Amino acid sequence: MDILTQWLGWLPNLAPGLLISLQLTGLALLFGFPLGLLLAVMAAAKFAPLQWISFLVVEIGRGLPALVLLYLLYFSLPDAGVTLTSLTTAIIALSWNTGAYASEYFRAGLAAVPLGQKEAALTSGLRGWTGFRIVILPQALRISTPPLAGLAVLVFQGSALAFVIAVPELMSKGFEIASITFEYLSVYLLTAVIYGSITLVFLALVRVLEQRLGRHLQRN
Amino acid sequence: MITQLLPAIAQGVGLTLYVTGASLLFGGVIGLVLVGATRSPIGIVRGIATLYINVVRVIPPITWLFLIYFGLPQYALRLSTIQAAIIGFSIIASAFMAEIYRSGLLSIPEGQREAAHALGLSTLTTVRHIITPQAFRVALPAIATYGIGLLKDSALASTIGVREITYYAQQSAEQTHEGLLSFIVAGALYIVISLVIAVVSRRVDLTLRKKIGVA
């Protein structure tokens, strides 16, 4: 039980880090998902330059390792005269990354709505934006939600990357404690347990969400 | 400027490929064992394999690397940075590969197994000659996609000091103060390698399809 008392002693120091990890995840999702939807809609636009912009933003966001994207912003923004805190930089990088992946799920969701739905909306007099908002989007969102929820779990794990640019999140706090106490194994084991248990909670929520969304498919 | 940066950063390509390739290979082999274990008739073996896969997947890769590189030497198991990175990524890859194999196996209709049984083939022969070739073909695109994902994850190895692409990019950024350019070069290298993997896997996939006549 030695290790447990040790862990209990560290928890108060790790808690603020966890809070920042969760904050980072929440904000990355808050900005990333709408960005993803926007990119998906832009990719389907008739105006070609919009398609190119969407393609470029998505391919950079997905093609680069999240770590490289993070460093890219961290090292280049100050040169461009933009000075942001490391937390803000991490939020921007993670949102970009999230948006790029999310746009693929939104695109798949939009593509999965049968064309007949659009035609039906048109014959009902729902044109353009109105038809998209009332008829197409709700159906697309129902299809995209499970993979997006899965993405949210990955974003939480990705928030650990912010450690490299000295955002005081869970991993950094763990590193801090480890370099003072030299109990590397024990500290990282504790951070692993914290990440793992929160991810499990997330995953359980995703499963509940999937079941709720699939309710209309289960007759009787 | 770019003429100096490109060779400086491209030095890391070798180790990036080495870490990614070795981890994919080891992970792929361990994944095979795992997927076998998850289908074992013995309950406890199934339980352990499922637990392993889930535990591995819920912990972020960077935490794995730190656990292995900083944590293990405390008990006199000293590893080089490259060894630690390969062990860490192999563990992670094994869990994901096991899931990929599982979905490949699920895509094989039950009729194939029954047909092999009706022909009097033993279980081992069925798995070797009937199930695996078909499952592999189904799983190949997913394996390639995961390989590209692992390539990008391998950038994390720079945090424990493996001298791969991201490590050199960071070094160049600090020495030359050309942060943007350094990481654009690094990013471009990753994208080029990803594209090569994607194109090669597409080729192999097409060849396999032609071989069984469903081009």
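## Chain B: contacts and make-up

In chain B, 76% of the contacts with a separation of 6 or more come from residues 24 or more positions apart; a contact here means two C-beta atoms, placed from the backbone, within 7 Å. This is a predicted model, where local features need pLDDT of at least 70, side-chain atom pairs count only at pLDDT 80 or more, and totals for chains, interfaces and linings use all residues. As for labels, residues are numbered from 1 along each chain as its sequence is written, while chains are lettered from A and ligands numbered from 1 in the order in which they are written.

Chain B has nine helices and zero strands, so its run from the N terminus is simply α-α-α-α-α-α-α-α-α (helices are DSSP runs of H or I with at least four residues, strands are E runs of at least two, and both are numbered from the N terminus).

## Chain A: the overall picture

Chain A has eight helices and zero strands. Its C-alpha trace spans about 70 × 55 × 20 Å along the principal axes, and 37% of its 220 residues are buried. Among chain A contacts between residues at least 6 apart in sequence, 74% join residues at least 24 apart.

## Helix 1 against helix 7 in chain A

Helix 1 (residues 2-43) and helix 7 of chain A pack with their axes 7 Å apart, at an angle of about 155°. Axes are lines fitted to C-alpha atoms, for helices over the stretch in contact, and angles run from 0 to 180 degrees between N-to-C directions. The two helices of chain A are therefore roughly antiparallel, a label for angles over 145 degrees.

On the helix 1 side, the residues include Trp10(A), Leu14(A) and Leu18(A); helix 7 brings, among others, Leu170(A), Lys173(A) and Ile177(A). By class, this contact has five nonpolar, five polar and one charged residues (Ala, Val, Leu, Ile, Met, Phe, Trp, Tyr, Cys and Pro are nonpolar, Asp, Glu, Lys and Arg charged, and the others, Gly among them, polar).

## Where the chains meet

Chains A and B each put 27 residues into their contact. On the chain A side, the elements giving two or more residues are helix 3 (66-76), helix 7 (170-181) and helix 8 (184-213). Helix 8 of chain A supplies the largest share, ten residues. The side of chain A that touches chain B divides into 20 nonpolar, six polar and one charged.

Conventions:
A residue is buried if 20 or more other C-beta atoms lie within 10 Å of its own, exposed if 12 or fewer, and partly exposed in between; C-beta atoms are placed from the backbone. Angles under 35 degrees count as roughly parallel, over 145 as roughly antiparallel, 65 to 115 as roughly perpendicular and the rest as oblique.
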